[in-house]
Amino acid sequence: MSRFVQELNQRALHIRSTEDQQRKIAFLNQASLELLRWIEQTATHWLDQGKLIALLGGEHSITPGLIAALQKRHPRFSILHLDAHADLRQSYEELTYSHATAMYHALRYEAVDRLISVGIRDLSNEEMQYIQRNADRVQLFHSWDLHTQLFCGTSWDALCDTIIDKLSDHVYISFDIDVLNPGDCPHTGTPVPGGLSSMQALYLIHKVYQSGRRIIGFDLVEVGYHPHNNLDAIVAAHLLYQLANIAIASNTPLDNHQVQVPQP
Ligand SMILES: [Mn+2]
């Protein structure tokens, strides 16, 4: 990864700060496309070796690169998308590939039969219209609706069953850490109040595994950094440990007792 990023950084240095905005945007769009292709090629290499792949970020815009590699070997799978944002914009601030467009690009692959987005609480009119036009393929579980049902007595366990029922047998998990309450990810790029707790998110993912579905890959993205506060990193490390264990277990025959999913 580092050599590829170094090369992109070198090319970026050639664009002077005085140069016009359009040229910078053109560079970023081209560089983002090259990064997605690099992720697809690298992921394909490791998938060919039988590996299970997780993408870590940083930018959520990396997700379609792994989806591009996975769709070549899995003809039909669903994306379980945990996020504060719908990420269904066609472009964002003139950028074709952005954290706000990740799921729009992921849905361009026919193998993705459904996008099930959970915890969303920030979406544009354009995204609402897109969801309405694609209601057979995209379903959104808004954080307000989930919490309203919780406050009125529906259990989180029952809500998880409703969510998981929408997923195919093969599932890709896209975990944007900003789905959580900002207190758990204070330095993520675009925090939004009113999210899920870490335990609610982990419980949902445990139930995906318990349902017998196979997790074919995942990402954990938008993890922020602060030099004097490592809370974001601690939360992300715990999530990564759980996600990795659950993904491995879901790909392991049930009679293999060597893999055990730890309790959060
Ligand atoms: Mn987000």
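**Exercise 1.** Work out which residues cover each face of strand E2.

*Solution.* Start with one side: Phe77, Ile79 and His81 are all buried there (20 or more other C-beta atoms within 10 Å of a residue's own, with C-beta atoms placed from the backbone). Strands here are DSSP runs of E, at least two residues long, numbered from the N terminus.

Keep in mind that this is a predicted model, with local features needing pLDDT of at least 70, side-chain atom pairs counting only at pLDDT 80 or more, and totals for chains, interfaces and linings using all residues. Residue numbers run from 1 along each chain as its sequence is written.

**Exercise 2.** Find the strands that pair with E2 (pairing takes at least two DSSP bridges).

*Solution.* First take E3 (residues 112-120): it runs parallel to E2 over 6 bridges, and Leu82 has Val118 as its bridge partner there. Next comes E5 (residues 170-176), also parallel, joined to E2 by 5 bridges. In E5, Val171 stands opposite Ser78.

**Exercise 3.** Follow Val171 through its contacts (C-beta atoms, placed from the backbone, within 7 Å).

*Solution.* Skip neighbours within four places in sequence; what's left includes Phe77, Ser78 and Leu80. Val208, Arg213, Arg214, Ile215 and Ile216 are on the list as well.

Notes
Buried ≥ 20, exposed ≤ 12 C-beta atoms within 10 Å, placed from the backbone. Helix = DSSP H or I, 4+ residues; strand = E, 2+ residues; numbered from the N terminus. Contact = placed C-beta atoms within 7 Å.
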